[in-house]
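Here is a note for a colleague who is opening this structure for the first time. Please keep the view at hand while going through the points.

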Amino acid sequence: MSASSKTHVVIAGGGTAGWMAAAALTRVMKDRVSVTLVESSDIGTVGVGEATIPTLVFFHKLLRISEQEFMAATNATFKLGIQFENWTDIGHQYLHAFGVTGKDSWAAGFQHFWLRGQQEGLATDFGDYCLERQAAESGRFAHLPNNGLNYAFHIDASRYAAFLRQLAEQEGLTRIDAKIEKVSRRAEDGHIDSLHLDNGEVISGDFFIDCTGFQGLLIEKALHTGYEDWSHWLPCDSAVAVQTESVAPPLPYTRCIAHDAGWQWRIPLQHRVGNGMVFCSQYKSDDEIIGNLLSQVQGQVLNEPKVIKFRTGRRRKQWNRNCLALGLASGFLEPLESTSIHLIQQNIVRFLRMFPAANQIHQQDIDEFNRQADFDIEHIRDFIILHYHVTNRTDSPFWRHCRQMDVPASLRHRIDLFRHTGRVFREGSELFDDSWQQVMIGQGLRPASYHPLVDTMSRQELEAFLGQIRQQITHTITKLPPHEDYLKRYIRR
Ligand code: FAD
């Protein structure tokens, strides 16, 4: 490959990860890359992954994707957060919203003011001070100026892949529908050299992106990168997914309903609802869970329940030699906070930033990439474990295990800091910020003290401060249309 020629990137796999990478490379690096994607329609995709977080809005901006076209093509709805039901106690619920709660001062987060307000009977529920949460609970939505309402989407996963495929093919991507039978490596440096397909073709490339799902055909089977298992912290290892007809207007949030060995999701799209149960096979069999799920869904069931097995953890390197793993090939964190598509896009954007010059892959780039990717996934891992560990539930062996299990030291530190002082600090560029307070309070954790600065306010000042935030939110909410009305108008525009 000469310095002036294009880098040939070969993407193995055409699920959400493969097509997101294909669309990004062809749109953003068009003049520097030629891209070939190999997928097997006989093997198919995992077929789930339908709830997203607000960072997808920015990914689409980078790719110059029209939001209306994307939403129409994927039957998408807006999402303002996730409602957690039965997580703290059976019958209890709270909503983790995408927005910011209340107003911070430079020294103390809003939770400190709220804590004193609670102690003095001046403050209502923590979520009453978050616009996105109130909009979600009242079923309302609109785009507000200056990104005034943070949102994400619920999407049809297979339609999303098809939408991105169309975009990438328009930009000149070559797609091959065939099965990869063998991956060959160069003798001199162990880099991947080519993919051997069942139609007899041999596809060589400069760089390979492994999007082949859980098996990691390139990153693991060919390069033997290794896997770090996190199932001792996140014991769920199975899921069952099924789609149903919609029976009500789509809610602008995902529902996550805890059960005695895991949890259930409900993801409302325009035309149907995605349902599923995540569970720990040590406590429940596939058949029991399928029975439970089918007895709890609403509306006509549209497909056979699909069982998916997984092992929580991550590939020891996301980028190894001339191969980057994305999506399920790179590791797996269960979908409780809808973070997998976010991690795919993070690693795509990171890769674009570190895109190797022709024929020059620097080990320094690889190390830096893996360091940053490790940071991202470890923080998200901790955040997900928090939901399981901080709970009052003791009604089943699964929940007793989660309450008692050891957690990573980084999470233990956060929980202890919050429990004693009410303080939460965002570390570097970690994804979650206000979310930590929302979920710790939602899960029933109450700090023993608050910042002394709060006591410089008189009771009347505190009451006025809290009341004003609530009033502003109520004022905004009354002007928002119902989610479904806004959605219909928006995608037809
Ligand atoms: P797949 O969809 O498995 O695609 C693999 C591709 O590789 C396919 O095209 C296949 O044909 C191809 N392939 C495999 N072997 C070969 C071969 N030998 N030759 C040729 N091609 C081959 N993420 C979220 O962000 N939000 C969610 O709400 C969410 N929910 C989830 C729920 C569950 C139960 C699970 C398991 C995951 C969920 N995820 C979610 C994660 C999300 O589904 C994935 O991150 C996303 O779908 C990406 O999958 P993928 O493209 O890596 O793999």
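1. Across the interface of domain 1 and domain 2, six residue pairs with both members at pLDDT 80 or more are in polar contact, meaning a pair of N or O atoms within 3.5 Å, where within protein one must be able to donate a hydrogen and the other to accept it, and residues adjacent in sequence count only if both atoms are side-chain atoms. The side of domain 1 that touches domain 2 has five nonpolar, two polar and four charged residues, with Gly counted among the polar ones.

2. This is a predicted model, in which local features need pLDDT of at least 70 and side-chain atom pairs count only at pLDDT 80 or more, while totals for chains, interfaces and linings use all residues. Residues are numbered from 1 along each chain as its sequence is written, and side-chain values use heavy atoms, with hydrogens and water left out.

3. The domain assignment, which is automatic or from a database, gives domain 1 as 3-50 + 156-230 + 313-361 and domain 2 as 238-309. Their contact (heavy atoms within 4.5 Å) takes 11 residues from domain 1 and 13 residues from domain 2.

4. Two salt bridges are counted between domain 1 and domain 2, the term standing for a side-chain nitrogen of Lys or Arg within 4 Å of a carboxyl oxygen of Asp or Glu. Arg272 forms a salt bridge with Asp156, their closest N and O atoms being 3.2 Å apart.

5. Turning to the ligand, one of its nitrogen atoms is 2.8 Å from an N or O atom in the side chain of Gln215, and an oxygen atom of the ligand is 3.1 Å from a polar backbone atom of Val48.
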